[in-house]
Amino acid sequence: MTTVTNATVTNASCARVLAWRDYDPAVRTLDGMCLGTVEVDGEPAEAARQLWDAGARRVELPGTVDLAGPRDPVATVWALCLVRDLTALGVVVDWRLRLDPGTDWRTLSHLQPPRATTGTPDDTEVPGRWRHGYYLGKCLWRRGPGFVQIRDRRWGALHRFTVDEPEYQEAIALLSCGAPCSAVPPAVLADLEQERLVGSVGGQAWFLPYRVRRWAKGAITL
């Protein structure tokens, strides 16, 4: 991990972000709390772990993550996966999001709330509603012996899925880093999209739930 001078998303597997050791605005102003601009690379989960291990507890992404008409869909999906994996670690993420008018923002409501959104009919209200309804553990998955379990509360009620088919587990592993839609068997991709577990833009797809290594609360609560 290398400190650099400009905060930009450079390509599909590398981003330069601003990072702090604490999420509290007052604490962040103290000496030694700002980590400055940090470059992370590799798979999104690896990049998130790099930031965590460096002491980052608040991360600011540059620019706007654009789902309406991205110039580089691969980089957009990588950035969304990074937000997802930072969320899983409990890192506060300061980011901006542009949605396609046909996208329901609640599909992403398990992620750290963005500072601002554009592209929805009620952009002035969405960030506040997102923050009000956000909590850690809203949409997650965990690997068990021979199966994957997904728990999704983005729509209010608990939707629980147990995945034991090898082709679906392979798709989840592939899509966790983002991948071309064509890399996933069409029937598998269609099933995951129908359950709103996969997002896609510009021919690229990614798995929406974030992975946890253990339940943050009791299994019955989640």
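A salt bridge is a side-chain nitrogen of Lys or Arg within 4 Å of a carboxyl oxygen of Asp or Glu. The structure above is a predicted model, in which local features need pLDDT of at least 70 and side-chain atom pairs count only at pLDDT 80 or more, while totals for chains, interfaces and linings use all residues. Residues are numbered from 1 along each chain as its sequence is written, and side-chain values use heavy atoms, with hydrogens and water left out.

Let us begin with the charged pairs. Side chains of opposite charge can pair when their charged atoms come close. A search of the whole structure finds nine salt bridges. One of them joins Asp 94 and Arg 58, at 2.7 Å from N to O. Asp 94 belongs to strand E7 (residues 92–94) and Arg 58 to strand E5 (residues 58–60), so this pair ties together parts that are 36 residues apart in sequence. Strands here are DSSP runs (E, at least two residues), helices are runs of H or I with at least four, and both are numbered from the N terminus. Both Asp 94 and Arg 58 are buried; buried means under 20% relative accessible area, exposed over 50%, and partly exposed in between (1.4 Å probe, protein chains only).

Next, look at Arg 98 and Asp 66, which form a salt bridge with their closest N and O atoms 3.2 Å apart. Arg 98 sits in strand E8 (residues 96–98) and Asp 66 in strand E6 (residues 65–66), so the pair ties together parts 32 residues apart in sequence. Arg 98 is partly exposed, with a relative accessible area of 39%, whereas Asp 66 is buried at 15%. Salt bridges that share partners also join Arg 58, Asp 94 and Arg 115 into one network.

Now follow the chain to helix H5 (residues 166–175), whose buried residues are Tyr 168, Gln 169, Ala 171, Ile 172 and Leu 175. Seen down the axis of H5, these residues fall within an arc of 160°, so they line one face of the helix. That arc is taken from the directions from the helix axis to the C-beta atoms. On the other side of H5, Pro 166 and Glu 170 are exposed.

Our last stop is Arg 196, in the loop between H6 and strand E14 (198–201). Its phi is near 60°, a positive value in a residue other than glycine. Arg 196 is partly exposed, with a relative accessible area of 40%.
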